[in-house]
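Please read the following points with the structure open beside you.

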Amino acid sequence: MKIQHISAIPIFIKDYVFGDNEPVLFCFSDKDWKDNFQSSLSAFGLKFSEETYDFHKSSVKIFIRNVKDIFKDVVISDSRLNLRVGQKIEVSEILGFLMENGYIRVQESPYSEGEFSYIGDMFDIKMRDFRLRIELLFDRVEKIYIIDNFGVEKKESFYIHSISRRTTRKFFELFSEVVAFCDSGLCSEHSRGKVKDLISDVQNYDVLSPYDYIRTKDDVFDLIKKNYDLTVAVKYSYEEQTAKEYFGDSVKIARVSNYPFGCIVPDLKVALLPFDVFYPRQKKKKSSLKFPEITYEELKDGTYVVHKTHGIGIFRGTSIEYGREFLKIEYRDSSFLYIPAEDIGFIHRYIGMENPVLDEIGGKTFALRVARVRQYIEKHISDFMRVLAIKKSVFRPPYKGAEEILARVEETFPYQETDDQKKAIEDLVYALTTSDHPIDYLVVGDSGVGKTEVAIRAMCVVAYSGKQVAFISPTTVLALQHYMRIKERLEELPFKVVMLSRLTPRSEEKRILEGIKNGQIDIVIGTHKVINALPYFKDLGMLILDEEHRFGVEHKERISRVKASCDVVSLSATPIPRTLKMALTGLKDISIIRTKPYGRGIIITSFLDKRKIKDVIDFELKRGGQVLYITPYIEGQSERLVDIHQLFQNTPISILHGRMRPTEIEKILILFMIGKIKILVATKIISLGVDIPNVNTMIIERADLFGLSELYQLRGRVGRGDKDAFCYLMFDENISAQAKERLDVFVETVNFKEEGVGLHLSLKDLEMRGAGNLFGKEQVGHIYSVGFEAYTDILREMIEEMKEKKKEKISFEPMVKVDVPAYIPADIIPDNMLRISFYRAFANAETVEDVESIYEMIKYRFIGDRHIEEIENFVKISKLKVLMREMKIYSAVFSQDLTYAEIESKDGKLKIPVDGLDGLINFLVKSKRFSSSRE
């Protein structure tokens, strides 16, 4: 089904929806179809909802979900209490409903779902993911609040469901009208009702794409002459104003948050035209990962930075000059360069050697080094492009029909998905179900954010199609943990899941290998033994690699032999620089999960004096928890076990290391997991795989002997429940200054950086220990010469060229010279780090819409309805620069009275009469439309 047919659906159903009929459930397997349908509904003035709990409301008749959601079981309450602000109701009526419908009254604040308290004139009721607060004034409802992790939301009405009188049904059974769009179009199997028949008629009509038919406004006038019922969908006020100027009352104008694709139905003389039909048509490009933004904390005075043109310098703070905020950069011979804050995108922190040589302003030496780097990359990039080319040449049909299996897997997920996790799952599933060649995907996220769940959804898509999946972990402990979790999750699904590691008995290993060869086994989870078995898989569809950087060289070589011919998903908390560079440069697709699961406690990391060991262990044991004591070597472990046992003689304690027999490792690990062992003295074998919510104190001996990534992986073993956790680092007094600095960086990062810590530590490791190898050791010197991000930019650009993508690189930054105050005042956003982050966001904006979105965020958080001249001028300059980049205009110089502007492009200079910044913006917008119509 074509996307313009999806846009046309509201034309056929609006009379039905406005009538006194049953609500309709629409569900889609294609995200673009779903988004487009929602936008089209908005343009035609039809209300819709994605919430499931209010489908009984008569004001909403259209509900939208993903196809996989309709197979889920939902619990429906047979009874409910409706409340609204101002409603007259007796306290006894609320108390009676709660007590009769399964709620339990407590004396203090409710903690568990189904508990409630009534203190004074206020009810507090604990729901699944939030608390409901009802404030009464005598016999009337005064206020209703929802309180959750995101804050407090005021509600005008709410209804409380019974939790004792419930029935379980499939979600689609709640609706007598269901319209489902699966892989190729309207799905007769899952659709039913009158609306299904109305929708089936859409496919019989000739529905045109407005992008093929509309070229200029004259084409719209042609439709008006033919008496079409026209609706123009606009996103912004200037578009609305322009549409009114163009067409007057001849068209309806609808304000939408996102453009629909649009449609023209000649038989019905109806058309929906998105305003972007007048803009140049470009293929929707996939957003690429951008290098993490510089924060003010990283841009402190004395930080080495790299300017894209002038090269390496030293950041020397900011200053307000002539109504603008400037960044000061020191170069060779104490010369200074002042960069307008809106041009912050030109600089980034230098990552490479310590104390690099400063460049001269003008960038001649820097340009020569950039040229040498390009020559080097050109010589060595061919092998990587060959692997990429092989993947592109291997055809495999997109995976289809997994909606129902995904819905069943999602039902067994015991936690609430975070937004980042949900997006990572959707992006990966979308890539698997739309790409016709194997993908190479990297999922980055801190320990415990749910990367494994992303892999589980992906493996189900592949296994459901009949192909096999290999899930490889670097350690036996991690493999066992994954196997136990995945086996439990997929217990009721038609997949045979096995584990292959040194814990597997030899007799069982032979049976597993036979099952792999004949295709009877769907999913294999294990360690290097799975790597050895890769050539024997009957039909390997997906390879999942957990913390690939921990595999040995020989194992990596074996993996690389099959990577080009199957889908590959890599999971990592702290990707090594090599993997990170491949993702940043486009050799891999990437999703980053930044948000911690809801309800997790915090992990407090600090240094520990050896004399305090007894105190911190005693604290954890007294609150019913367990303790991990980490040693860097196996030697000396027994002595440490004896020392701790003398302090806690009646406490079960054991050791764990990699030289133990497999059966012994498994036994100790299971005893620790079920709480029979309270203190475990272990090596870093424990750093991957242990997921025990009751382990919330960790002591790391000789922390200076571990890398940042290793420390971070170890730390991730605690704090996996709802309790606050503690990670203590110990080191000898005679360690080097560099080692102490690394530990300080670790503690500062994990304690004060809220999200993306693993990725951040990877970059720190890169900065402090060198860049590593992507093509060879020789590369390091080239990275040092220009800095890591400049190197990455060059590499990304050359890969794009070798992929033969005709992407024109903009090698200039437009200059706007205007005598108005334009900056973000420090009294509006006093936090320097946040203010500079907003400057960077404006500098990275690629469209006018991006600029407006950033400004809306600032208004929402800091300004409200106030008019701040400096910020408004800065926003206008940012919009102007976006338009100038698109139209290849190098500079715009305004007269002092702002009545004209002189612009310069490749065609020369042009003096234009304007009315301030707004005048030039409107002129460029209209010029773009004119040039588009001529094309």
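1. Contact in this note means that heavy atoms lie within 4.5 Å. The model under discussion is predicted. With that cut-off, V477, L480, Q481 and M484 in helix α13 meet I665, E666, L669 and M673 in helix α20. By class, this contact comprises six nonpolar residues, one polar residue and one charged residue.

2. The geometry of this helix pair deserves attention. Helix α13 spans residues 476–489 and helix α20 spans residues 662–673; the two pack at an angle of about 55°, and their axes are 11 Å apart. Because of this angle, α13 is oblique to α20. The crossing of α13 and α20 is right-handed.

3. The second subject is the sheet. Strands of a sheet pair through backbone hydrogen bonds, and the pairing may be parallel or antiparallel. Here five strands form an open sheet in the order β21-β20-β19-β18-β22, and the pairing is antiparallel. Which strands lie at the edges? They are β21 (335–340) and β22 (347–349), each of which pairs on one side only. On average, neighbouring strands of this sheet are turned by 45° against each other, with direction ignored.

4. Strand β18 covers residues 304–307 and strand β19 covers residues 311–321; they run antiparallel and are joined by four bridges. Where in β19 is the bridge partner of H307? That partner is G311.

How values were computed. Residues numbered from 1 in each chain as written. Predicted model: local features only at pLDDT ≥ 70, side-chain atom pairs only at ≥ 80, totals over all residues. Heavy atoms only, no water. Pairing = 2+ DSSP bridges. Axes fitted to C-alpha atoms, helices over the stretch in contact; angles between N-to-C directions. Parallel < 35°, antiparallel > 145°, perpendicular 65-115°, else oblique. Left-handed = near helix turned anticlockwise from the far one by under 90°. Nonpolar A, V, L, I, M, F, W, Y, C, P; charged D, E, K, R; others polar.
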